[in-house]
Amino acid sequence: MLVSKETELRRRYDVRWRLTGVATRRAGWVADPEGLNPLAILNAHWPAPPPQPCREVREWLERSRADVLFEASSLDAQTGQPAIEHLKVALELGAHALTANKGPIVHAFRELSALAHEKKKSFSYEATVMDGVPIFSLFPLGLPATVLQGFSGVLNSTTNVVLTEIEKAARSTKR
């Protein structure tokens with residue numbers, strides 16, 4: 001018998017979730033604290049716009065009453081914005097914040113980590129390296145008696161692709 005992940009999480013851990021907000025360039029900031037239909041949204045069936053649409057991240061997060069923000073916005077690599085602001089506002093409003101962007105880590109890691117600590121919320125960023133391998137939580141959470149003294153390697157798939165292509169080109173020119 002097949003059981004959905006949602007059903008399994010609910011049965012085992014009493015974890016229930018609902019999608020309360022989505023933000024895209026095309027659809028704008030859509031929020032409904034009662035929940036949005038993820039399958040409908042994935043199939044581009046958006047709910048009717050509210051009489052007063054959200055205009056910025058704080059208003060959107062307040063309307064959605066989100067407990068967790070999953071941030072994967074386009075950003076300016078030189079500043080890390082607007083991703084940093086999105087994460088900061090989520091933490092300020094008491095939501096856990098997760099990012100797949102390297103910009104906030106490069107430009108605001110200490111600030112976001114300190115804010116998360118102050119608000120007693122999680123600031124998670126493992127999706128930014130090694131295709132989401134849980135490198136940052138593996139040792140303190142999964143192997144607490146282990147002291148990591150160092151490691152080496154290529155930490156993202158983009159670099160792996162580039163290095164593989166360079167290696168192929170170098171081999172072909174030697175022939």
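**Figure 1. Packing of α4 against α5 in the predicted model.** In this predicted model, α4 (83-92) and α5 (103-119) are roughly parallel to each other. Their axes cross at roughly 5° and come within 10 Å. On the α4 side, the residues that meet α5 are A83, I84, L87, K88, L91 and E92. On the α5 side, the partners are G103, P104, H107, A108, E111, L112, L115, A116 and K119. Sorted by class, this contact has nine nonpolar, two polar and four charged residues.

**Figure 2. Packing of α3 against α4.** The axes of α3 (57-64) and α4 lie 10 Å apart, and the two helices pack at an angle of about 40°. That angle makes α3 oblique to α4, because angles count as roughly parallel only under 35 degrees and as roughly perpendicular from 65 to 115. The crossing of α3 and α4 is right-handed. From α3, the contact is made by V57, R58 and L61. From α4, H86, V89, A90 and E92 take part. The contact of α3 with α4 has four nonpolar, one polar and two charged residues. E92 of α4 meets α5 and is also part of the contact with α3.

**Figure 3. Burial of α4.** Helix α4 is mostly covered, with seven of its 10 residues buried. The buried residues are A83, I84, H86, L87, V89, A90 and L91. Strands that cover these buried residues include β2 (28-36), β3 (68-71), β4 (96-99) and β5 (123-124). The helices α3 and α5 are also among the elements that cover them. Of the buried residues, H86, V89 and A90 belong to the contact with α3, whereas A83, I84, L87 and L91 meet α5. Just after α4, G94 takes a positive phi of about 90°.

**Figure 4. The largest nonpolar core.** This core has 18 residues, and L61 and F123 touch the most other members. Helices α3, α4 and α5 each supply at least two residues of the core. The most come from α4, which gives five residues. L61 is also one of the α3 residues in contact with α4.

**Figure 5. Surroundings of F123.** Setting aside its neighbours within four places in sequence, F123 is in contact with L87, A97, T99, I105, F109, L112, S113 and A116. Among these partners, L87, L112 and A116 also take part where α4 meets α5. L87 is one of the buried residues of α4.

Figure 6. The peptide bond from Q81 to P82 is cis, with omega near 5°. P82 is found in the loop between β3 and α4.

**Figure 7. Positive phi at R65.** R65 lies in the loop between α3 and β3. Phi of R65 is near 55°, a positive value in a residue other than glycine. R65 has a relative accessible area of 54% and therefore counts as exposed, for which the cut-off is over 50%.

**Figure 8. Positive phi at K120.** K120 is found in the loop between α5 and β5. Although K120 is not a glycine, its phi is positive, at about 60°. With a relative accessible area of 72%, K120 is exposed.

**Figure 9. R18 and the stretch it touches.** R18 is found in the loop between α1 (5-13) and β1 (19-24). It is exposed, with a relative accessible area of 55%. Not counting residues up to four places away in sequence, R18 touches P33, E34 and G35. The C-alpha atoms of R18 and L36 are separated by 7.3 Å, with the two residues 18 residues apart along the chain.

**Figure 10. The close-ups in the context of the chain.** The protein chain has seven helices and five strands. From the N terminus on, the elements run α-β-β-α-α-β-α-β-α-β-α-α. Of the 175 residues in the chain, 23% are buried. Among contacts with a separation of 6 or more, 49% are between residues 24 or more positions apart.

Conventions: Residues numbered from 1 in each chain as written. Predicted model: local features only at pLDDT ≥ 70, side-chain atom pairs only at ≥ 80, totals over all residues. Heavy atoms only, no water. Core = buried A, V, L, I, M, F, W, Y, C linked by side-chain atoms within 4.5 Å. Buried < 20%, exposed > 50% of the residue type's maximum accessible area, 1.4 Å probe, protein only. Helix = DSSP H or I, 4+ residues; strand = E, 2+ residues; numbered from the N terminus. Contact = heavy atoms within 4.5 Å. Axes fitted to C-alpha atoms, helices over the stretch in contact; angles between N-to-C directions. Parallel < 35°, antiparallel > 145°, perpendicular 65-115°, else oblique. Left-handed = near helix turned anticlockwise from the far one by under 90°. Nonpolar A, V, L, I, M, F, W, Y, C, P; charged D, E, K, R; others polar.
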